[in-house]
Amino acid sequence: MSEITDYGILIVDDDESFLNTMRRTLKRKKFSKVISALNAKQAFRILESVDTAFALIISDQEMPGMKGIDFLNKTLEISPLSRRILLTGYPDFSSVIKAINRGAIHKYIIKPPETEDLIKKIKSELKIYDRYAEKKKLINITRSQTLQFFKVAKQLKYRNKKFLDEIKLKQDEKKSLQNALAKIKEEQNKNKKFQGLNAVLLKNILLKPNSLLKAFNIIKTQIDSFFKEISENNGIKFPFRPGAKNSSQYDSEQYEIIDLIIECVVRKTEPLISEIGLDHDNQDGKKLNIDEYTDIPDTAKLAFQEGYITEKELERVRNEHAKTEEQSPPGLSIEQCLIDLNLIDRVKLSRLMVKKRLIEIRLKDREFAEELIKRKAVSVQTIDQAFIKQLNYFEHDSNCMTLGDILVQENAITAQLRDELFRAHHRINEITESSGISSLLSSSKKDILIDLQISPDKTKAYIRLPKSLHGSSNIKPVKDLLQKHGIRFGVVEDKLILGFMRYASDPEKKFTIAMGRYPEPGKNAQVRYHFNTEYQKPGIVKKDGTIDFRDRGDIPFVEKGALLAEKIPLVKGKAGLDIFGEPIPVDDVKDCVFKSGSGTELDESGLKIYAAIEGQPSLNTAGVVSVFKELNIKNNVDFETGHINFNGNVFVNGVVKEGFHVNCVDLTAGEINGGIITLSGNLNVSTGIINAKVTTSGDVKSKFINNSKIDAFGNITVIKEIMESDIAVSGECINDNGRVTSSLIAAKKGFTLGRVGTLKASPSTIKAGVDDHMVRFEVMFNKKIEKQQSDLDILEQKKKQLESKNFEMHKKVADYSFAQETMMKKISSLKQELLSLQGKKTEMIKIVREIKEMENTLKEYDDIIKNIFSDQDKITKDVSNYEKKITFAADELEMTKLEEKAMEEIAEFDEPVPVVRINRNILAGNKIVGPKSSMVVKHKLGACKIMEIDSSDPDDREGRQMVIQNL
């Protein structure tokens, strides 16, 4: 790196004596390359003739022929990296600022310059140039190295292609061997341990009488075959016939032989037994097979499909339920309608609820199973067996297990794979993945020469054919290529492909082989208002500085029934489809806030708002349209009136006293002294705001403000002083002729101020283009939303717990019901057996005693079921109450979010204005803050404009700086 003093400097000035002085001064400071010119024309010739650009160009402003600013501006084209300094004896600040903004000059120096200051500034500019030059050098080196790396990579890619092909062949061989080895291990593991007959039956068939009978016949036939084969081949004579039922004929050795035979038989017959489980002809009456459901039926429809009610009864239930739904609040659930109409009893209802849960799980499990098969994680037979086992669990103990849990339990898949697929199918949480392909080139032998290209948005695919396929009539390679890459939508007809191949002559010509469907964008909703939404109450400033708000001009007024606003609904876009058959989403269209507030009504279509009363129409910042009447308070807001909470406009002729709240739309008051004001409209104060806290969504106007905190969404206008106050507004702060002292004021739309500061007062901080109000607003709303969301979550959790408890009760009723049915069948069987035991007293007494015990158990089960029903009634009422609370809480939360969203959209639309206009003066010590820069006023300034502009300093990370422009 060169020394700073080695860089070239060009000095242009028509004053030759000044040039000589400058050269001597710079040479004494070890600057070795200093060249001078007497005018711009001579300087241009020097710039064009030198091989190495000058690091610094210094020019005088007042020169014959061309001004210094114009000369430096033109040097941008010849020597753009050079730093530029302007020398001037009579500064034109407006021209200088423009030149700084264009980058024509980087510093200006007043003539005659002080030597040390001049040398300091020259060195500073040369250091900046040095950094730029070093950066450019590094960029060139990086580009050169990148080009070399690219060439090397290209050579390596070409050289390694054959090695990659060899590796692929080896990998294919290795994979084939691994698959063969896995199959051998699988067979070995399968034969290691015999699961037992019960496990095989449970896994492969739904355990119903007719299914068991089929399985028994299959096994019996195979055992008979084994016995016959063993007898014939080994000369073994068994003392029984195949199929004998009397087990007392077998000795212990024969039992061991039979166990081995059963193991062999089961292994051989398992495929046949599996087919029993897949038999869908085992339907009872009108009942649908579990896999015939395509969606989750409501309880009434399920009752009909299960044969509990007739079609007419189903229609009756639906009519009754529809009537209760029209009530406010909504009436009975469809389950309660079934009970009240005496169509089913509580036991059957519990069975239906458990069956409904199984259907829901079963529908989700179908997608889960498809994904497993697609991944080749398990076989189709394993899936079928798991589905059968799922039904067995349900039939035996009404347990609704997911397919994933069953497969994990059987060690067919891992828990990690189950959880991954549950997330992918939105059963835990949603996971989306995106991938993009810009160009694909076939690599198989059939399509290696066909160039397939896909557009970046995946809506078009092109092919280019090599000469070897020109004139061909075989489109199979092209179709195989498309299938290989998954292109299945928008593929052109075969005859068009054939025509392209037959008449192709240019290998570079592209043919559009597939074209997707482009998405159709939608339209955002809009609102058309039929009253002046920009209206602001005027006020007349009197000679003493007070504001007379009684002269209110033409106030908007509407009659009852007047149309206030109408909404143009949004139009949803239509998603497209890419050539892979994947949807191309469209941007979500935005709905707009269209709310009917106090004093208005919404028509049946929900698209028009009318005035319900006569009064003043209003549109607040949250987009709510209202009509307000007025409340007039003759004296003060104090102990006589108490707090004021009025859904309209309030006029206070006196003072809002300390500690008293006023909550309304617009407030007009004589004075606020210690009051706490919350408004959705504007605040107008005739005299002043003292020791108060004000939050408003509109504008604020007052004579003066002292020791107060104010947050406003609109503008703030103050006639006289702003003292010791904390103010944040999203609009503009206007204090044309007054004074600001000891205050913190933030205004997004900038400031117009008279005076800032006094000699005795502490400094003020003026934040222009900074929306502190929205920051405070968001914190407040976030806390409110967090609290409302927390309350809603608690309600939903409690409701969910009750519903879970209710389902468990349904499950218990179903379990006891199944147990009762089994016991009743047993009692019936024992009674039949009792009739055949005439004369066998001992055995009859034993059976009678057993029947009595079962009947007592049945009675106990009845009592348990009745108690469960009683508990369910209480839970149903509690659930209904929670549903009402949840609806109310959700509406409140949605309204709060809409208000916040409306405020944020308005804030985003308004660009910040980082400008402070001072009409009189601003004293030293006061601080000016912008969005990305700040400054402390170092000395008293007169009328001026302080603003944030783009910085010319490359070391400035934020890229912005504060500048002062005299007015």
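Which residue in β4 is the bridge partner of Ser59? In β4, that partner is Leu86.

## About the model

This is a predicted model, in which local features need pLDDT of at least 70 and side-chain atom pairs count only at pLDDT 80 or more, while totals for chains, interfaces and linings use all residues. Residues are numbered from 1 along each chain as its sequence is written, and side-chain values use heavy atoms, leaving out hydrogens and water.

## The parallel sheet

Let's start with the open sheet, where 5 strands pair in parallel in the order β2-β1-β3-β4-β5. The edges belong to β2 (34–37) and β5 (107–110); each has a single partner strand, so one side of each lacks a neighbour in the sheet. On average, neighbouring strands are turned by 20° against each other, direction ignored. Strands here are DSSP runs (E, at least two residues; helices are H or I, at least four), numbered from the N terminus, and two of them pair if DSSP finds at least two bridges between them.

Within this sheet, β3 (residues 56–60) and β4 (residues 83–88) run parallel and are joined by 5 bridges. Helix α1 (residues 16–28) packs on the sheet and touches β1 (9–12), β2, β3 and β4, contact being heavy atoms within 4.5 Å. The direction of α1 makes about 175° with that of β2; axes are lines fitted to C-alpha atoms, for helices over the stretch in contact, and angles run from 0 to 180 degrees between N-to-C directions.

## Two loop residues with positive phi

Most residues other than glycine have a negative phi. Asn691, in the loop between β28 (688–690) and β29 (693–696), has a positive phi of about 50°. Glu724 sits in the loop between β34 (721–723) and β35 (726–729), with a positive phi near 45°.
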